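Please look at the model below.

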Amino acid sequence: MENKSKLKPVVAVVSTKGGVGKSMITTNLAVAATLDGFKTIIINADFQQSAIYWNKHRKANAGLNAIDVYQWDPHKGQLSAALTGIPSWEVAVIDAPGTDDDKLRSALLAANTVIVPTTPSLEDFEVLRYETIPLLQKFAKQFPNRQWNARIVVNSWSIMMGLHRDTLKALSALQSDFEFCTTKLRRLADYQNARAVGMGVQEYDPKSNAAKDFANFYTELKPLL
């Protein structure tokens, strides 16, 4: 689905299951866009508020570029309307809730790019196949004039696990309208270490494998921004 819009880039990180790395991808994507020169904000729409806590650590870490994180209150209107009330941003990244509800659908309506993380486990693959992808397909049919891109990214990848290779074979055979990112984000401790000090992995250790993975991932996504 090609995004022809001239609107500001709004990226929703979406899954109908928790524990797949939505908040990690949200915060690291915001850092990557900030390092690339974009004035980037994060919208937290997840009740767990992981991005809010991450930003508290960031504010305590002197010398880092500020990234504003806003808590969206669904009782005050649609997320797209909330975005229009926030001044002076160029890229917005939404940490969407891990459930199929009105808040998730509001995030989809606000976005023009959707990132869907999954881990290479059978459980997460089944949720992706039978819940998340059908939801996105239904949404696309319900709003045919709402042009947006969607990409699926494999997170917590480990080449050492045979189950992962078997799952990827199943993923590659999956018929959907959404492309898989070539880059796989490996399961590396630097993601947690960076999170603990309010950083992205590209800030925490620019020469690390985690930083290299995420830089490659961002390079894939940048044409969509």
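Which residue stands opposite Ala-92 in β4? Ile-41 does. Before going on, note that this is a predicted model, where local features need pLDDT of at least 70, side-chain atom pairs count only at pLDDT 80 or more, and totals for chains, interfaces and linings use all residues. Residues are numbered from 1 along each chain as its sequence is written, and side-chain values use heavy atoms, with hydrogens and water left out.

Strand β4 spans residues 91–95. Strands here are DSSP runs of E with at least two residues, and helices are runs of H or I with at least four, numbered from the N terminus. Two strands pair if DSSP finds at least two bridges between them. Strand β1 (residues 10–13) is joined to β4 by four bridges. Strand β2 (residues 40–44) is joined to β4 by five bridges. β1 and β4 run parallel, and so do β2 and β4. Val-11 stands opposite Val-93 in β4.

How many of the five residues of β4 are buried? Five of five are. Buried means under 20% relative accessible area, exposed means over 50%, and partly exposed lies in between (1.4 Å probe, protein chains only). Both faces of β4 are covered. Val-91, Val-93 and Asp-95 lie on one side, with Ala-92 and Ile-94 on the other.

**Aromatic rings**

A search of the whole structure finds three aromatic pairs. Rings of Phe, Tyr and Trp (its six-membered ring) pair if their centres lie within 6.5 Å; planes under 30 degrees apart count as stacked, over 60 as edge-to-face and the rest as tilted. The planes of Phe-139 and Phe-143 meet at 45°, so this pair is tilted, with the ring centres 4.9 Å apart. Phe-214 and Phe-217 form an edge-to-face pair, 5.2 Å centre to centre, with 75° between the planes. Both lie in helix α9 (residues 209–221), three residues apart, about one turn of the helix. Phe-139, Phe-143 and Trp-148 form one aromatic cluster.

| Residue | Relative accessibility | Class |
|---|---|---|
| Phe-139 | 2% | buried |
| Phe-143 | 29% | partly exposed |
| Phe-214 | 0% | buried |
| Phe-217 | 0% | buried |

**Charges over rings**

A charge sits over a ring if NZ of Lys or CZ of Arg is within 6 Å of the ring centre and within 35 degrees of the ring normal. The charged end of Lys-8 sits over the ring of Trp-89, 4.5 Å from its centre. Lys-184 has its charged end over the ring of Trp-157, 5.7 Å from the centre.
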